Every structure is written in structure tokens, then in C-alpha cells.
Amino acid sequence: MSFSSGAVFYISRMDPRAVLLVFFCFPFVNVLSEVQKDFSEECRKFMYMGTPPRGLESRYLKKICQRYNGKPRYVTLYDVVDHIPVYSAYTFKRSDGSKKVDVPWMFEPQLSTTSDSGEMQAFPPNVHGSFSDTQAVLEDYSNIVEFERGHLNPDEHQAHPDDKAATYTLTNVVPQVREFNIGHWKRHEHIIRRRLNNYCRGTAYIVTGVTTSGRMIRRYNINRVAVPTYLWSAYCCVDYDHNAPFDERSKFPAYASHGLNEKEAPEVIEMSVQQLEDFLKKNTFVDKKFQLFYENCDPKE
């Protein structure tokens, strides 16, 4: 199985490489997006205490600071072999959940060459072959009925038009079974948005990722894009409403979830962050010290 993505980790038990880390800075118009050796200070602000998830390391993982219109918007850990994000990490913005629909899909030139300008770009009519060697392209998702492009950092968890636009990069999406994408997972994104809108008083940090088990989308008889087995997500908000109803208050300062990426999957399951970490340790190649949030999102630590 794999742990990727999203906020998203992606690692495949059937894949001897272990894990890929990628962080993207995604831009849309005049957007600088850079692949980084380590996370810069301005990009660490999307992770609790400026600390990325611990216990994931591989030469196949690329860190991307997703920039749009000159500003960093979130970060992504990307697998340049299986062509999906391991996770995307972002800060939640209070919103009404509306979607931005007039944004072209983007790709990351720097995954293919270090000499590029570093700007995320809309897909041209013809994509150079070197781009598709290290990342998914639009053709990978064309003429596929079963799957849709599912966001790890969903635009409905952002408020500003530029923040929403920055989520429309193929480095932030994975193949999701259509029924799961528009059904259980979408309802779960709504639940988290309403909960954080109503009860998180400070900044909420979210990491969303995936696990895999070797299933691939193929094009021209070549494995192109890994299909997640599970999508998972976790949030951390240490400044929350202590007078919230107990059922909601008990899900702070941190909580997590995972859902099976299948047509007739059960409901998304919510659980503690520790339970999600234990689940991922059993199903992915992660270090024994694997940890999603610094000091488990405990402000007393």
C-alpha cells in the first residue's frame, strides 16, 4: 500500500522505492511555483509550527511550494514516479464552500527541468515529453469514465479567488472514483468546512493524502498514474471554541479521517490523529517516528 498526498502521503507496499515527498507552490497567472530541496520559511507557514509531517523521506519525493500570483498558497509532496501527490498541506480559510470554475489546469515545469523559470503554467496544446516523465498530464485523465480529478487541497476550503485558483494543478489531484469523489468524500469536506468555520477560532492546519496498493491508470500500455486505495486527512486547530457542543469540542484540537476510494465504499470514518497514524504505519512504508503534526498538535507540549 502507499501513503501519499495529500495534505496527502503516498507509499506503495508493492513499490520498493518507499516514499515520495513533494511540495508545490502552485500559481495561475504570474505565478511562481518552486520545487525546493527543503521548505522555505514562507512555505512552512502552511504547516503547524512550521514543521512538515515526520517520517517520510525518499529521493523520489519532491517538495513543492505552490505559488500563485507571486504568493505561496500551500505545499505539496509529490511522487515523480507514480505521478500523484503524496499529500498537500494547507491552512483552512473560512468560506461559504463555493467553487471556482473558470480556472485552467496547471502543471509544474520545474519537475522536469531545474533551468525553467519556476512558474506554474497552464497546459499548452502540446506538452513536451519530458514533462510527462515526472508528472501527470491532462491526457492521463482523458477518456476515463471511472475516475475524476480529486483535489487534496479542495477549493471549497479556501476563500480568496487566488487561493481557490491555486488548487487547480494536477500536482494537487489524484484519481478518485467518481461516486466516492462526489459522494462520501465531498460530504466529508463539507463537514470539515462547517466544523472549522464554526468552532476553530485560530488557524487550522490540514494535511490530506493518500495510500496506494499498486493499481495504476495506464496509457499506451504504460503505467502512468497511481490510483489511491484510501484518501486520508487530518487537521490541527489549537485555538478553538471551548463552549462548543461536546460532540464537536471532542474533535479538537486535532482530528482525522480516512475513506476507501471505491464505487460502493462505506462512509468516511473519523478518528483521532493517533489512530490515523497507526493505520498508516500498518499500510505504508513510514518511519517508526512517523508523525503528522508537531508534538501531536498539543499546545501544552
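Reader: What makes Cys200 and Cys237 a disulfide?

Author: A disulfide is a pair of cysteine sulfur atoms within 2.5 Å. The sulfur atoms of Cys200 and Cys237 are 2.1 Å apart, and the pair therefore meets the definition. With 100 degrees about the S-S bond, this link is right-handed. Cys200 stands in the loop between α5 and β12, and Cys237 in the loop between β13 and α6 (246-249), 37 residues apart. Helices (H or I, at least four residues) and strands (E, at least two) are DSSP runs, numbered from the N terminus.

Author: The model is predicted: local features need pLDDT of at least 70 and side-chain atom pairs count only at pLDDT 80 or more, while totals for chains, interfaces and linings use all residues. Residues are numbered from 1 along each chain as its sequence is written, and side-chain values use heavy atoms, with hydrogens and water left out.

Reader: Why is Cys200 called buried?

Author: Buried means under 20% relative accessible area, exposed over 50%, and partly exposed in between (1.4 Å probe, protein chains only). Cys200 has 2% relative accessibility, so the residue counts as buried. Cys237, at 0%, counts as buried because of the same rule.

Reader: How many disulfides are there by this rule?

Author: The count comes to three. Another joins Cys236 to Cys297, with an S to S distance of 2.0 Å. With 85 degrees about the S-S bond, the link of Cys236 and Cys297 is right-handed. Cys236 lies in strand β13 and Cys297 in the segment after α7 (273-283), so the pair ties together parts that are 61 residues apart in sequence. Cys236 counts as buried at 0% relative accessibility, and Cys297 is buried with a relative accessible area of 1%.

Reader: Why is the disulfide of Cys43 and Cys65 called left-handed?

Author: The torsion about their S-S bond is about -80 degrees, so the disulfide is left-handed. Its S to S distance is 1.7 Å. Cys43 belongs to helix α1 (residues 41-44) and Cys65 to strand β5, 22 residues apart. Both Cys43 and Cys65 are buried.

Reader: What makes a set of residues a nonpolar core?

Author: Such a core is a set of buried Ala, Val, Leu, Ile, Met, Phe, Trp, Tyr and Cys residues joined through side-chain atoms within 4.5 Å. The largest one has 48 residues, and Leu196 is one of those that touch the most other members. Strand β13 gives the most to this core, with five residues. Apart from it lies another core, of 31 residues, including Leu61 and Met271.

Reader: Why is Asp82 called buried?

Author: Asp82 has 8% relative accessibility, so this residue counts as buried. Asp82 is found in the loop between β6 and β7. The C-alpha atoms of Asp82 and Ala136 are separated by 8.5 Å, although the two residues are 54 residues apart along the chain.
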